[in-house]
Every structure is written in structure tokens, then in C-alpha cells.
Amino acid sequence: MIRAAIQSPQLARLAVLGGHMAKTLPDDGFGAAEGNIPWAADFAGPAWGDVGRGYLKAAERHGYVKANRQLHEFSPLIRDDLYLAADDADIRAFCDRRVKECAKLLQNGGAVAGLNECCLVATRYGLAWPVPDHAEECELIAWARRLVCAKWWRRQVRTLQAREVGRLARLRGQVAKYRQAYVDDWNMNRYRAAQARNLETLEQVVATNEDGQEYTLAELAELGPSNLTNRRHELMVRMRGFEEVAQGRGHVGEFWTFTLASRWHRMRWIKKACKPVKNSRWKGADPKQAQEWLCKLWSQIRASMARNGIRIYGFRVAEPHHDGCPHWHLLVFMHPDDRRQARHICRRYLLKDDPNEPGAQKYRFDAKAIDPAKGTAAGYVAKYIAKNTDGANLNEQDDDSGLDMAQGAERVRAWASTWGIHQFQQIGGPSVTVWRELRRLWSQSEPGLQADLFGNVTVEAAGQAADQGDWASFVEYMGGPSLPREARPVRPAYWVQGESLDDETGEILPGTTRYGDPAKGQVFGLWIWERTGGTDQAQERPCLTRFYRWEIEHRRPEQQEVPVLNRSDDDLAGVKGVPAWLKELAGRMTGQGQGIAARWSCPFSGAAALDLCQ
């Protein structure tokens, strides 16, 4: 078995890492076999605790064949001195080492040669090299700054870490119904730790405006969509509003479900046996790849509908199967004459992938017509919205996980965070940014002031509808559900801080990010179309919706001083606080220790036994 492991360099290294050679190789007389385990522990670093001892345990229980297979499964987590299942402190230390290494390479080799050397560093750990071949010199400088930034390294490594651990858990069949539903427990704990770490940071960062008002970022986050309750309420308002738009226009609603072929699913559920089993058709894809495939199919479906003059609007919800593979639920509205052709297009594209497998015709695409007599269209997706946000108002058990809805919703959020999946997407309709900016303007300004700001009756009416939470009226005032966004009467306005002044041309150079890339800017208000001088010509002018500029300051909590107490020798020795029965027990152990020392002539004293007891 050792010879079979040595045939593969990677398995040979893992075999040494496991330390089993210390027990299986013959002693060479110099103690090399006995020294193998501490060498392997030092060589493996953080991986020794999980992989090394796990290998020995598997070898003792099931033999070295099973143990070597387990090592082979864990091998993607070990990349040189990076162990992807290490805790966050080890990851931060690793990123600091890489920053120093890249800084040294860039200093010694220059921009181009140093970046090539840094490319090898990134390749060493399986990180994708982000610089394109046609990058300009200024872009290369921006990427060089990234490579010497510890925050950039931590973002890259944490993303790689989460997905590699997630792939291993799915490979081993751990992510399944009534096991670790939706996402593995390691990533679930990572998500909770990240949430706690982010909350701590938000509570320490203070935003101050010109009027001296101070708020922590945690307080501000509770007021927006970051608050799960606010997010759920806003989604339901917009869905209900689309339904009212459809009713006013005589459109019909459809509830669609997109499911992928079995080759994307790691596990399948056996109803009769009530247990999950590994799917033999699985080709090794992860949830991120499955989501990208669904997005590709959806882009083809939308393009085909556009060619046939079909206009739809509504919402898409992405949620996981019990094994983490995503599927989509869509609530869409359209003209009644387009329903049949829209269904045909969806079915045709979704059945392109392995159309002859069992159950493909039944499960790949499911379409239900919304019947107003049975309930509202928003009621069809209310459960899915709550299940993917906070699980509120669902007094039932999550069928896929066996947990209550709140716990299941947390695992769904961890799943989306791990694989970078956008859970909710609006299809058609006006900009949500405009909706939020108008609501902010109405809440922060005096009544009647908006007419002076806008000078546009349509935009003023849209703002009043937004302030009242009337998404249906807002959509109609903004031109309807299918009008292109560039043709709508108002759009978001972005402001970019000028960085410097060009001495030759007098031009204000645009601001840049911390890495040197051109800044995308921040929303400061809205661009509003207005007619000029009673003519048919129109022009855009800005309207301010954010009246304050905020200074961000990071305030670390003050370290509390630990009082130094004057304690006697008896206090330090713990004599006063020791109960009588423990003193008696310690005395007996002292006598026993002395007896053992006399019997075996070992340097073992009664004081050592007393220290052990304490």
C-alpha cells in the first residue's frame, strides 16, 4: 500500500503527512521512522490537525486503503503551505506572508517581470490570474497594488476556501436532505463567523455628517435592504405591484419552475427508503457552475422571446435543492396571446440538456397558470420569498432540511454566500434605485418642495407613488413594465470625486479606487428629463436626493484596564480557596505518589501529583 501511494507524488506527500510511515516503514536504525510524525506535522502546518490525525483514525478503523482514498479526496484542500480548511487566523497569516512575497518580487523585478513572478505565486495556490493579456500599463499598476494588499488576498482566499470545502463536502455526500441540507456545516459556521465579524466592524465604524449627526454603520444598515425584514417586505410590495399592473393591462400570470438535468445533482432522494443516495449521473459540477448554466439558458430564452415580440416582467427566485444544486422559480406576467409560445420556448431550451433521461419531460420545466379564483399571484411566491430571506410567518417545517423555516432560511443564505448566487432578480420594470431614491427624498424633504426640485409632473407623481409604497402606480408613471430604462423619464445619477487637476488642460481627472482603477462613483441623485422653453426638445438635469456628505471613522473600543490586586502567597498558591475534602484527597495522592516513586525509583515526587490535582 505504501508503494502504491508513493507512485503518485501528491499521495506520497499526503501519506507522509498522515504520519503512517512511522508505523509501517522498517526502522533504519537512525530513528528516521519515529521522527516522521513530528516532521509531517511541521511540514503540513494547519492541515495536520484535520487531515493527518483523520488519516490515522481512518487507517485504524478501516485500513490503509480506505484511509488513502480519504486522503485523495482531501488533497485539493492542501496547496503548498495553504490549507483551505484552516481557521481565519491562519488564513490571515497566510495572506500576510503572500503580501510580503509579492512586494519583494515587485521590488526586485519591476512592474512587468514582477507581475509575471506574482502570477506564478497565484498559480501555485490555484488562484485565477485576473490580469488580461491586453491590459494597459495603468491597469498593470492597479493589479500590482492588489497583490500587495492583504484585504485583496483575504477576499480571494476566503472565496476559494469556501468553495473548495463545499465541493469536498458535496463529493463525500454530506450535503443532502436530513444531513447537512443546502450547504455543509463548515461553511455554515464560516458564514455565521463572517456575519459576526462584519457586525462587529459595522458597530465600530461611525458616519458623521455636516450637522454633527453620528450613526454607526450597523444602525444605518438596519434601515435598508440589509435588514432581512425590510428586504422581504420590499420584495413582496414589488411583486404585488407587478400583479396589479398585469390586472390593469389585461395580462396573465405564470408561475414557472426551472430544474436542471440529473448530471448537475450530487444526491438524489429515495422516497420509499426515505434517505438520500449518491447520484451516479453526477459529472462533478458545483452549484456555482449550475447557476451559470441556468443563467446561460435564461439569456437564450429571453433572446428568443425578444425575437418573437414577447415581453414579460416579474421576478426570479433562485433556491437550492437539498443537495445544494440550484433551481429557479419565476413569477412572470405577459399578454394572454403570448402564453403558449413562451412556454414552448422555455421547454425547448431547458430540454436541450439530456432530454431523454427519465423524468426530463415532467420535471425539467413546470408551468402553472395563475388563477385569480384560487389566490393572488404574490401568494404563489410568498413562501419562497420568506424561505430565502428570514423564514418569518411560516409556522411549518422545512421539508428539505428537517429544520424550522428560520434555521432553513439561514442555511439558504449561507448557501448563496458560499457560491456567490444572486437569490432574487427583477425581470423588466423600472429601476429599483430610482424607487429607493424617490422614497428617500420624500422622507427627508418638506411637503411641496419636490415640485420645485423636479419641474416634471410625471416624476413628481412617481415620487408620490414611491412614498406611498405603490409599486404599480410607480411602474405606470415610469412608462410601464416593458419600456427600456434609457427611455424612462428619470434615471440614477452618479457622482465621482475628482482626484486631481490637469495643469495643461484644466481638466479635473476622475477619481480612482484604492488600487488605481477608475472609480464607478456613488449615487447622489437623479437625472430627470424636462422640456425646455415650451418646445418639444428635452434635456436631462440633475436632482439632488442625498443632502449630506458623510465622514467615515473607525473607532475601536477602548481597552478596559484589568485591576491589579495585591494577593498573598497563600492566594497565589490557591490554599485559601481549596475545600477541605480536596486538601485531604491531595494529601492521599501525595502519599501514593511518594510510594510509587520509591517503588519504581523514578524521579516522581508528591508535589508533582499535587500540581496535577490543582
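Which residues lie nearest the centre of the largest pocket? They are Leu220, Glu437, Arg440, Gln444 and Arg546, part of a lining of 36 residues. The structure is a predicted model, in which local features need pLDDT of at least 70 and side-chain atom pairs count only at pLDDT 80 or more, while totals for chains, interfaces and linings use all residues. Residues are numbered from 1 along each chain as its sequence is written, and side-chain values use heavy atoms, with hydrogens and water left out.

A pocket here is an open set of points on a 1 Å grid over the protein atoms alone, where a 1.4 Å probe fits and protein lies on both sides within 12 Å along at least five of seven lines; lining residues have an atom within 4 Å of a point. The largest pocket holds about 1600 Å³ of space, a volume being the space filled by probe spheres set on the points. Its lining draws the largest share, seven residues, from α18; helices (H or I, at least four residues) and strands (E, at least two) are DSSP runs numbered from the N terminus. Among the other elements that supply at least two residues are α12 (228–249) and β15 (522–531).

Of the 40 residues in its lining, Thr259, His265, Lys271, His321 and Tyr363 lie nearest the centre. Elements giving two or more residues to this lining include β5 (252–258), β9 (326–334) and α16 (377–387).

For the protein as a whole, there are 24 helices and 17 strands. Of its 614 residues, 41% are buried, meaning under 20% relative accessible area (1.4 Å probe, protein chains only).

Key: Buried means under 20% relative accessible area, exposed over 50%, partly exposed in between (1.4 Å probe, protein chains only).
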